[in-house]
Amino acid sequence: MIGQRRIGTGFDARSTADDVLAGVDLTGRTALVTGGYSGLGLAATRALAKAGAAVLVPARRPGRAAEALRGVPRAEVAALDLADQASVRSFAEDVVARGRTLDIVIAGAGIMACPETRVGRGWEAHFATNHLGHFALVNRLRPVLAADARIVSVASSGHFLSDVRWDDLHFRDGYDRWLAYAQSKTANALFAVQLAAFGAAAFAVHPGSILTPLQRHVPETEWAGLGWVGADGGAAPGFKTPEQGAATGVWAATSPRLADLPGVYCQDCDVAEPAPGDDMLVGGVKPWAVDPASAARLWTLSAELTGVDAFGQRGNPGRRPSVSWGGAERPSTVARSVMSLQKGANTPVPAASVRVELGWRDGPGTPDADASALLVGGDGRVRSDDDFVFYNQPAHASGAVRHEGKQRGPVVTDVLAADLERVEPAVEKIVIAASADGGTFARFDGLYVRVVDAASGTEIARFDSSGATSETAFVLGELYRRQGAWKFRAVGQGYDSGLAGLATDFGISVDDAPPPAPPQPPAPPVPPPPAPAAPEQQYAPPPPPPGGQYVPPPPPPGGPYVPPPPPGGQYAPPPPPGQYTPPPPPGQYTPPPPPGQYAPPPPPPGGPYVPPPPPGGQYAPPPAAQPPVQPSVQPPAQPGGKISLTKSAPSVSLTKHGATSGNMRVNLNWTAREGAARGRLGKRRRGLDLDLDLCALWELTDGRRGIVHAVGDMGALDRPPYLQLDKDDRTGTVETGENLTINLDFTAKFKRILVFAEIYDGADDFRGLDATATLYPVGSPPIDMRMDDCADASRDAVLALIENVNGELVVRREGRFILPPPGRPRWGKMAVDEAYNWNLEWVASRGKD
């Protein structure tokens with residue numbers, strides 16, 4: 001054990017962060033505080049900024065962080081998810097690329113007592129987030145750490161409960177949420193011990209017992225039993241305020257008293273003594289949390305898991321850094337990237353494992369893009385669809401190639417990983433492709449692909465793609481074998497046919513594009529009108545309404561008119577009660593007339609009148625005397641007369657299709673495959689007892705935002721938010737499903753609308769459920785999108801994002817399933833909010849009953 005003895009600082013458990021920073025001038029210094037927008041992290045950020053520091057706050061929810069830090073001077077927010085190694089890498093690379101020197105790093109973000117959750121490569125979430133996330137972050141930030149930088153790892157007395165579980169690090173053999181948290185806190189302490197062994201000024205701190213959002217996964221019914229609350233329901237005696245909890249961290253980050261004590265474990269603004277017992281409220285530190293041998297062992301293991309080790313490989317174990325705040329030597333510049341390859345050029349790849357990063361600068365009107373890899377043989381084609389690695393098939397069966405995910409920020413990155421030593425002999429090359437989502441590659445700024453050594457972070461190759469026009473997919477580069485070694489070639493081959501066309505060239509079967517429309521049969525001949533009984537009774541059809549639209553006559557006396565099925569199985573939505581809507585002619589979509597629209601008069605006495613066909617061969621319905629055909633319960637297939645949004649064609653402009661005004665109906669319909677829906681009373685019937693809710697998050701250009709949903713605000717059409725839900729369908733038996741109406745007369749007021757579906761009852765998740773959303777704009781073909789590929793426990797399905805892009809309303813198919821927060825299966829709407837950064841405040845509802 002390293003020396004753990006109190007040194008007598010004059011501060012104690014009641015001291016605040018402002019107290020310990022009194023008289024400390026941090027002007028010109030930069031601190032990075034993970035978790036710096038909530039709880040004790042927020043208190044630390046405010047205190048550091050008050051002392052003059054600039055504070056960079058990485059956040060999983062940047063919008064919420066920005067709101068919390070409003071008014072804090074020199075505080076800057078950037079996106080980072082510690083549970084996602086690709087996100088850590090992207091964030092760190094952006095900081096390093098800007099050459100921003102960091103003087104303080106407080107690794108304070110974390111999770112506690114969560115339900116069992118797996119992230120990354122099946123890692124247990126506490127260990128992956130609290131330890132591995134910070135381990136990778138600090139290692140990747142080493143190029144911009146000042147020579148006298150302080151690194152503070154926020155641990156906890158929770159480490160009392162567990163040493164590192166060397167034989168079952170990720171709880172494969174039974175999960176315990178408290179032991180998982182405890183192991184991660186021990187790891188936080190050992191991280192500081194080993195950093196100090198490499199010469200860094202690193203310290204671990206126990207902030208004390210504080211009630212903060214960290215406890216969000218622990219039911220309040222358990223708090224009293226854990227000793228967290230007193231009889232009055234308030235915090236128990238001995239608990240600190242967030243300002244007191246932040247004090248030890250900022251003290252360790254700035255105090256000269258720790259100059260010769262790197263690696264120590266601190267509490268109450270002093271060095272902690274060895275724990276006298278097992279009472280966590282008394283505190284102290286257990287020997288396993290400061291053991292040098294365990295620290296070295298954990299470092300080696302963490303480096304293997306994350307693929308990064310900047311201190312162990314290039315550190316100087318003998319150096320003890322000065323902790324003086326004056327005149328410290330700083331790294332002047334960051335190593336430049338290698339020169340970008342020209343199209344067609346190649347270069348050796350000496351690394352055994354690499355990351356392949358697709359990136360571009362984000363900005364207004366920039367589409368999204370997805371990276372993918374195709375493992376092809378000597379014939380230039382894949383062996384099967386299994387050799388295609390992308391967001392919906394993220395790992396090759398061999399484990400050699402993986403899709404690691406996307407990170408958004410000023411530079412958006414999408415990352416693939418390749419373990420070249422594990423690539424099967426039959427695979428000659430790994431083709432690196434990109435597909436645009438919502439536009440062409442001409443709209444991308446700074447598009448590049450680069451290959452990086454996964455172990456060292458060294459850039460091996462880079463290709464900056466430029467000159468794109470109408471391409472919607474690209475082969476940017478390829479990793480290929482040559483005489484037993486691997487090389488990378490810059491390709492730059494574009495496709496106008498999207499990912500579907502690219503994939504087909506390499507032998508991938510594409511099945512999510514809409515099927516081709518079958519040939520339409522010719523319109524049936526229309527018999528001439530019968531001769532009138534007398535000249536004065538001869539019928540002349542009235543002139544068409546404005547715009548030339550023809551509306552056939554209403555039903556004859558004696559019963560309602562039921563139109564025959566349209567040719568080719570074309571589907572038109574059922575008309576509202578009491579309104580007749582003709583079926584559309586072959587290949588032509590005619591929207592239903594709005595209420596009050598002119599229709600011709602009834603036929604004259606003596607029999608129904610059948611008007612002659614209008615000029616141009618427009619379809620006219622057959623005479624009503626024919627036997628009526630009952631409409632089918634399940635609409636037939638829709639091969640024509642509509643727009644289908646798919647992964648290969650995900651967006652469409654409403655404005656360009658003439659949908660600029662009137663009420664646009666959004667319809668949600670669903671079916672349950674056999675055994676998918678639970679059903680009330682144990683019944684399993686198609687759609688019955690399956691209650692899906694249509695919901696919409698909305699944001700207006702004036703900044704107002706909210707949600708319309710069945711257990712809250714149903715909206716309004718004549719006032720904000722200018723969209724409204726129909727009456728909720730509680731049973732799933734209504735054939736027309738659920739409907740949301742959007743008033744396009746207020747297009748200029750919309751910023752964005754996110755349409756999604758949520759399971760309220762009748763099924764555990766979307767596996768086995770088929771949902772179809774259809775938009776019916778006035779004067780434009782209907783737009784539909786289908787979701788039927790859920791593979792996890794998601795209870796929310798994001799259907800479409802409608803955005804105002806420079807005055808043009810664009811619909812984009814999202815096709816994304818969202819998991820609820822851990823332990824909160826009914827809080828899926830909040831998870832959707834967080835995924836799309838709406839930043840609403842959420843409270844529990846009483847449900848529909």
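1. Packing of α5 against α9. In this predicted model, helix α5 (residues 125–140) packs on α9 at an angle of about 85 degrees, and the two axes lie 10 Å apart. Angles of 65 to 115 degrees count as roughly perpendicular, and the pair α5 and α9 is therefore described in that way. On the α5 side the contact is made by Phe-127, His-131, Leu-132, Phe-135, Ala-136, Asn-139 and Arg-140, which meet Leu-298, Trp-299, Ser-302, Ala-303, Leu-305 and Thr-306 of α9. By class, the residues of this contact comprise eight nonpolar, four polar and one charged.

2. Packing of α6 against α9. Helix α6 (residues 177–197) also meets α9: their axes come within 8 Å and cross at roughly 95 degrees. The pair α6 and α9 is therefore roughly perpendicular as well. Ala-187, Leu-190, Phe-191, Val-193, Gln-194 and Leu-195 supply the α6 side, and their partners in α9 are Pro-292, Ser-294, Ala-295, Ala-296, Leu-298 and Trp-299.

3. Geometry and faces of α9. The 15 residues of α9 (residues 292–306) should span 21 Å at 1.5 Å a residue, and the end C-alpha atoms are 21 Å apart, so expectation and model agree. Ser-294, Ala-295, Leu-298, Trp-299, Ser-302, Ala-303, Leu-305 and Thr-306 are the buried residues of this helix. Viewed down the axis of α9, these buried residues fall within an arc of 165 degrees, so they line one face of the helix. The face turned away from the buried side carries Ala-293 and Glu-304, both exposed. Following α9 is Gly-307, with a positive phi near 75 degrees.

4. How many of the eight residues of helix α12 (residues 828–835) are buried? Seven are, so the helix is largely enclosed by the rest of the structure. The buried set consists of Gly-828, Lys-829, Met-830, Ala-831, Val-832, Asp-833 and Glu-834. These residues pack against α3 (62–68) and against the strands β25 (691–700), β26, β30 (750–761), β33 (796–805) and β34 (808–818). Just after α12, Asn-837 has a positive phi of about 55 degrees.

5. The loop between β27 and β28. Pro-720 and Pro-721 are joined by a cis peptide bond, with omega about 15 degrees. Pro-721 lies in the loop between β27 and β28 (723–725), and Tyr-722 is placed in the loop between these strands too. Tyr-722 is a residue other than glycine with a positive phi, near 65 degrees. With a relative accessible area of 7%, Tyr-722 is buried.

6. Arg-74. A positive phi is also found at Arg-74, a residue other than glycine, where the value is near 60 degrees. Arg-74 sits in the loop between α3 and β3 (75–79). Its relative accessibility is 44%, so Arg-74 counts as partly exposed.

7. Ala-659. The loop between β23 (651–653) and β24 (663–672) contains Ala-659. Is Ala-659 buried or exposed? Ala-659 is buried, at a relative accessible area of 1%. Leaving aside residues up to four places away in sequence, Ala-659 touches Leu-654, Leu-744, Pro-777, Val-778 and Ser-780. Ala-659 and Pro-781 are 122 residues apart along the chain, and their C-alpha atoms are separated by 9.1 Å.

8. Asp-713 is located in the loop between β26 (705–708) and β27 (715–716) and, at 42% relative accessibility, counts as partly exposed. Beyond residues up to four places away in sequence, Asp-713 touches Ile-707 and Val-708. Its C-alpha atom is 8.8 Å from that of Gln-724, 11 residues away in sequence. Pro-115, in the loop between β4 (102–107) and β5 (118–119), is likewise partly exposed, at 31% relative accessibility. Pro-115 and Pro-821 are 706 residues apart in sequence, with a C-alpha to C-alpha distance of 9.8 Å.

9. The chain as a whole. The chain has 12 helices and 34 strands. Of its 849 residues, 52% are buried. Among contacts between residues at least 6 apart in sequence, 71% join residues at least 24 apart.

Notes. Residues numbered from 1 in each chain as written. Predicted model: local features only at pLDDT ≥ 70, side-chain atom pairs only at ≥ 80, totals over all residues. Heavy atoms only, no water. Helix = DSSP H or I, 4+ residues; strand = E, 2+ residues; numbered from the N terminus. Expected span 1.5 Å × (residues − 1). Buried < 20%, exposed > 50% of the residue type's maximum accessible area, 1.4 Å probe, protein only. Arc of directions from axis to C-beta. Axes fitted to C-alpha atoms, helices over the stretch in contact; angles between N-to-C directions. Parallel < 35°, antiparallel > 145°, perpendicular 65-115°, else oblique. Contact = heavy atoms within 4.5 Å. Nonpolar A, V, L, I, M, F, W, Y, C, P; charged D, E, K, R; others polar.
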